Structures are given as structure tokens and as C-alpha cells.
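Me: I've got a model open and I'd like to learn how to read its features. Can we go through them one at a time?

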Amino acid sequence: MEKENLFFEQGPYRPPSEAYSLLIRVTRNCPWNRCEFCPAYKGSKFQFRTVEEIKREIQLIKEAVEEIRATIDDQREAGFNEKTVNILSNNYFPENLLGIASWLSRGGDRVFLQDADSLVMDTDGLVEILRFIKKNFPKVKRITSYARSRTILRKDIKELELLCRAGLSRLHIGLESGYDPLLKMMKKGITAKGHIEAGRMVREAGISLSEYVLLGLGGEEMSREHAEKTASVLNKIDPDYIRIRTLMVRKNTPLYSRMEEGAFNVLGEDSIIEEERILLENLDGIGSHLVSDHIRNLLGELEGDFPEDKKKVLAIIDRYRGLSPDEKLNFRLGRRAHIYQSLDNFFLPHLFGQVEKIRRHLISQGGVERVEEEIISLMSGVG
Ligand code: SF4
């Protein structure tokens, strides 16, 4: 095998929770691509890939796995871990194979299907791909993908059950909001009712469900309704996971133009925390696991099982709300500069002192506005 020439196509995105998954691209880009806030695939045309093409690639990955194992045997390395990946790297092992080696070193048991909406494939084709993955990589225990609620509604429950039996373990859905006027304004292409129906179908079919909420999406104008209605939709779906994201208005989006025209007012970080509190306070009667695992979330440590951890996560929010304006500014700056990982870090004197020095320097240059500018600049460099 010409290992230097092996080429595995990769899409640009995966959820943070799929960092250790093998990425298999089953479609290219987003078949909808109209959401006003989303920069992900703007300017890129959606394309299906054929089942044959995808299977050929899975076959190549399998050959690569064998190649890697043979190389490791040559080195007489016991086991397979990060150390072996380093050995391969030091031996100028080709980049494309290092990704697969790294996947193997993390257990080699998870796969993520890219890009934005894999369920847009016809069910038989997707079932064939899932079975082919399982056949070639018997160790794989989890296969997940992004999907849109609207696409799910085009399938019936039997098709979803078939996908589940073929190995589809989890779907990540961009709920974003449960407030209809906001979903319409952002051209999400679905209503709250549609989100509820699709989410319930996924769960009924036995597929684990992860719903993504986008804080700040309603701007100043719709913040409260966004939080309350989103909680109400989540209460009706009762997903396995609720994942929090925070809006960042990117230049290549229609929402940016709307903001420039003054028709959308971005919510400040403290107001986003208020919105988050309303959302979490209104979650009721569900057994979801809450995750805030995106770097843009100000309070990344908001994690726990509902209902038992609801008080705990609200207490973290209230701890932040109890800070003085200067302390909040210090925390936001430190978090965006990656000095603080969590609010607990803020209370460590050496870290607080380090951030405070930067904050005071920026204040001396141009007051609070200069600090805010710096925070925005630090945030815009983040995914
Ligand atoms: S469906 Fe998802 S990927 Fe596609 S435009 Fe909307 S948010 Fe972006």
C-alpha cells in the first residue's frame, strides 16, 4: 500500500464531545445552509457522496489500521497508547495516518459521521454505511452524527429504528431556540412543534439525543422569550443531553449585516448569564445531562444531571452574579485569555493577580471599553 498517498476526506466540524472519534464524511457541507447566524458552510455547496465512495474510504481506513499495527509490531511496542503515536510521529509517519493512530490510541471505538445533516441520506444507504463500519471495525461501540429536526421528520419511526439497530447511537441536533418568532427570524426552517416531534421520535427509536441551545440568539429584544420557550421545548423532549453554546456573530453571516444595520442588538455577557439562568431555572421534569463544553461559554463548568444537579448549576451562576462589576470584568478577561478554566480559578490569588495586572493595564490605556475590546478580540479567535 502507498501509505503516503492515502487520502481520507475530512469535513471541517465535529462536536467537542467527538474529539476522540474517527471522522467519516458521508455528505459534504449543509443541505439547508440558510440559518442567519451560522457561518459554518456559507459559500460551500452541499453534495452527497455515494455509498460506494464512502465504503471505499472505510476500506482504506481499515488498511491503514493494519499498516499502523504492523509498524508498531516492527517496533515491538507493547500495547497502543499516546506513546506509540509519538513514536510514529518521530518516524515521519504520514499525517493522514497519524489521525487514525491517534484514534486507535484512544480506544478506536467511536465514529462520528460528518457533515451537517447525515440523515439527509436515504435510509438504506445510511444503514449500509453503518453496517459496513461495524463489520470492518468490530470494536466500534458508538456511531454519532449531526442531524436537523426537519430532516428527521421526513423519516418514519421504523426508519429511525432501523438506523438505531444498524449502529447509529446518537444524534446531535441544533435546537438553538424553542421560540417560534426567533426560529423564523433566524431561518432555522423548523418550528418549536417540529423540534419537539423530531426529538421525541429520535428518543422513541432508541437513539440517544443531544440538543444544542444557542445562548444570546434572541439578542436584547427576545432574550427572555428565547430562554423560557427553549426550556419549555426541552421539557417536552426530555433529551439525553442538553448542550449549551453561546452566539458569536461572525462576519460572513446574514446576522452580521442585520447587526450592522442596527436591527439586531447583541446581548452582553452578563445578560447572557441572566438568560442562561432563566433557561436552567425553567427546566423541569426532565432527566437530561447538561453540558457546557464549548470554549465560548463563559461558565464552562455548568454540568450535571437534571433534576438533582439543578440547584448546583444555578448556585454557580449566582456565584458569578454576586461578583462586583470589576470582578466580573476580571473573570471575563481571564476566562477569554485562557487563564481561568472555571470560576473556582478566579478565587486563586495568584491567577486573580495575574489577570488583574492585565485588566489594570488595559484600563490605563482606554478604560473599561479597552478591556471589552480585548475580550471581543480574544473571543473572535475562538471557533
Ligand atoms: S442547519 Fe446547522 S449547519 Fe446548516 S446552516 Fe443551520 S446551523 Fe448551520
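Me: Where is proline 307 found?
Reply: Proline 307 is in the loop between strand S10 (304-305) and H12. Helices here are DSSP runs of H or I with at least four residues, strands are runs of E with at least two, and both are numbered from the N terminus. Before we go on: this is a predicted model, where local features need pLDDT of at least 70 and side-chain atom pairs count only at pLDDT 80 or more, while totals for chains, interfaces and linings use all residues. Residues are numbered from 1 along each chain as its sequence is written, and side-chain values use heavy atoms, with hydrogens and water left out.

Me: Which residues does a cis peptide bond join at proline 307?
Reply: The general idea: most peptide bonds are trans, and most residues other than glycine have a negative phi. Here a cis bond joins phenylalanine 306 and proline 307, with omega about 5°. Another cis bond links glutamine 114 and aspartate 115, with omega about 5°. Aspartate 115 sits in the loop between strand S4 (110-114) and helix H4 (123-136).

Me: And what is the phi of glutamate 176?
Reply: Glutamate 176 has a positive phi of about 65°, although it is not a glycine. You'll find that residue in strand S6.

Me: Now pockets. What volume does the largest pocket have?
Reply: The idea is simple: rolling a probe the size of a water molecule over the atoms shows where empty space is left. On a 1 Å grid over the protein atoms alone, a pocket is an open set of points with protein on both sides within 12 Å along at least five of seven lines, whereas a cavity is a set where a 1.4 Å probe fits but cannot get out; lining residues have an atom within 4 Å of a point. Grid points are joined across faces, edges and corners, and a volume is the space filled by probe spheres set on the points. The largest pocket comes to about 940 Å³. It has 34 lining residues, and those closest to its centre are Phe37, Cys38, Ala40, Tyr146 and Glu176. S6 gives the most to this pocket's lining, with 4 residues.

Me: How do the lining residues of that largest pocket divide?
Reply: Into 19 nonpolar, 6 polar and 9 charged. Ala, Val, Leu, Ile, Met, Phe, Trp, Tyr, Cys and Pro count as nonpolar, Asp, Glu, Lys and Arg as charged, and the others, Gly among them, as polar.

Me: At what angle do H11 and H12 pack?
Reply: Axes are lines fitted to C-alpha atoms, for helices over the stretch in contact, and angles run from 0 to 180 degrees between N-to-C directions. H11 and helix H12 (residues 310-321) pack at about 160°, with axes 10 Å apart. That makes H11 roughly antiparallel to H12; under 35 degrees counts as roughly parallel, over 145 as roughly antiparallel, 65 to 115 as roughly perpendicular and the rest as oblique. By class, the contact of H11 with H12 (heavy atoms within 4.5 Å) has 6 nonpolar, no polar and 8 charged residues.
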